[in-house]
Each structure stands twice: as C-alpha cells, then as structure tokens.
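Subject: Model for your side-chain work

Hi,

Here is the structure. My notes on its side-chain contacts follow below.

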Amino acid sequence: MCSSDLVESGRDADGRLDREGLFSAMVLATALGDLGRLDESRPLFMEAMEGFQALAERGDAEAADYVPRIGLNLGAIDLKLGDIESAEKDLLRARERVLAGDDVDRDELLSAIEFNLAQVAYGRADLETAILRAQTALDLRRRYYGADHPATVDAVDALGRDRKSTRLNSSHANISYA
C-alpha cells in the first residue's frame, strides 16, 4: 500500500479530491516531508494546491487560506530536493498570496517564506540577499512570537549561520503545519 492510498476515499466520481481529501493530502504530505520522503510528499502537495486553488477561485475563503501554506511547503520540499528555481517560484507565489490576504497568521507565514527565500538566495551564493531575507524573517518572528520564543531563537541561529557560511543548508527549510 502506497502512502497516497490513504487519501483515496476522499475522491469524487471524476477522481478529484473533495475538501476532506485535500486536507488529508496536505497533512499527509507534510508528515511525509518531515520524514524525508520528499518524492512522495511533493505530488500530494501539488494535488492539494490544485484542489484548494480551484475551491478558492469559486469563492471559498477557507480554501484560499490553505493555498499560501501549501506554496510555502512546496517551496520547502523543492529546497530540500535541491530545485532552487521551483522553490523560488513556489515561495514568491505564496508570498504574494499572503500579502494580498488577511490571514491572522500573516507574520508567521511570511517569516517562514522569507526564511526559505533566504535559503534560495544562499543556494545561489547571493549572500547579501540571503542575509537581508533572514533578517526580515527574524524581525517577523520577533513580532509574531516575541524575542524569547524558540522559533525566534532558531531564526537568530540561522542568521548567524548565513553570515558565517557560503553553503546552502536546505535541511533548515521551513515546512508549515496546517
């Protein structure tokens, strides 16, 4: 049994996932990504993205909230796979959606997106941009979480790594939890 079989029951007659199936695919993709099973994770994120985008285009505001999170996750998976071009596209689209919306977790999402965009710049050896994006992520985390929260401390640590090294460390790519 393939891990994607777990979401098959949420399909309609045309083979598209319904809302519950899309959510299940997104959660399963996140778990697979955390386990390092990136080749299984990415297609599930892609299917969830397409489905939630279709629902969002029909005016479903809740579905629209998931689209930038999935874009963030796709970007993180792409980074971990070493596909910097795809990661940047996914992350920039996610950033646009967050900036255009009114998500209550806006700063949290933007901090993760900016952190991953810093990793993209880092992968291109554009250290100046990497440091600027990492600093933006840190500022957003301070504002969202506070100065002493572990997520903020991790961002400080990452910024220090970025300033000391010229190597991409995609293992630090952020994956968002729904």
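R141 lies over the face of F115, 5.5 Å from the ring centre. That label applies when NZ of Lys or CZ of Arg is within 6 Å of the ring centre and within 35 degrees of the ring normal.

Before the rest, some ground rules. This is a predicted model, where local features need pLDDT of at least 70, side-chain atom pairs count only at pLDDT 80 or more, and totals for chains, interfaces and linings use all residues. Residues are numbered from 1 along each chain as its sequence is written, and side-chain values use heavy atoms, with hydrogens and water left out.

Aromatics

There are two aromatic pairs in the structure. Rings of Phe, Tyr and Trp (its six-membered ring) pair if their centres lie within 6.5 Å; planes under 30 degrees apart are stacked, over 60 edge-to-face, and the rest tilted. F52 and Y66 have ring centres 4.8 Å apart and planes at 35 degrees, so this pair is tilted. F52 sits in helix α2 (residues 38–57) and Y66 in helix α3 (residues 61–81), so the pair ties together parts 14 residues apart in sequence. Helices here are DSSP runs (H or I, at least four residues), numbered from the N terminus. Both F52 and Y66 are buried. Buried means under 20% relative accessible area, exposed over 50%, and partly exposed in between (1.4 Å probe, protein chains only).

Salt bridges

The structure holds twelve salt bridges. Each is a side-chain nitrogen of Lys or Arg within 4 Å of a carboxyl oxygen of Asp or Glu.

- E85 bridges to R124, with the closest N and O atoms 2.9 Å apart. E85 lies in helix α4 (residues 84–100) and R124 in the loop between α5 (106–123) and α6 (127–145), so the pair ties together parts 39 residues apart in sequence. E85 is partly exposed at 47%, and R124 is partly exposed at 37%.
- D90 meets R93 at 2.9 Å, N to O. Both lie in helix α4, three residues apart, about one turn of the helix. D90 is buried at 7%, while R93 is partly exposed at 48%.
- E114 bridges to R95, with the closest N and O atoms 2.6 Å apart. E114 is in helix α5 and R95 in helix α4, so the pair ties together parts 19 residues apart in sequence. E114 is buried at 3%; R95 is partly exposed at 29%.

One network of salt bridges links R42, D78, D90 and R93.

Best wishes

Notes
Helices (H or I, at least four residues) and strands (E, at least two) are DSSP runs, numbered from the N terminus.
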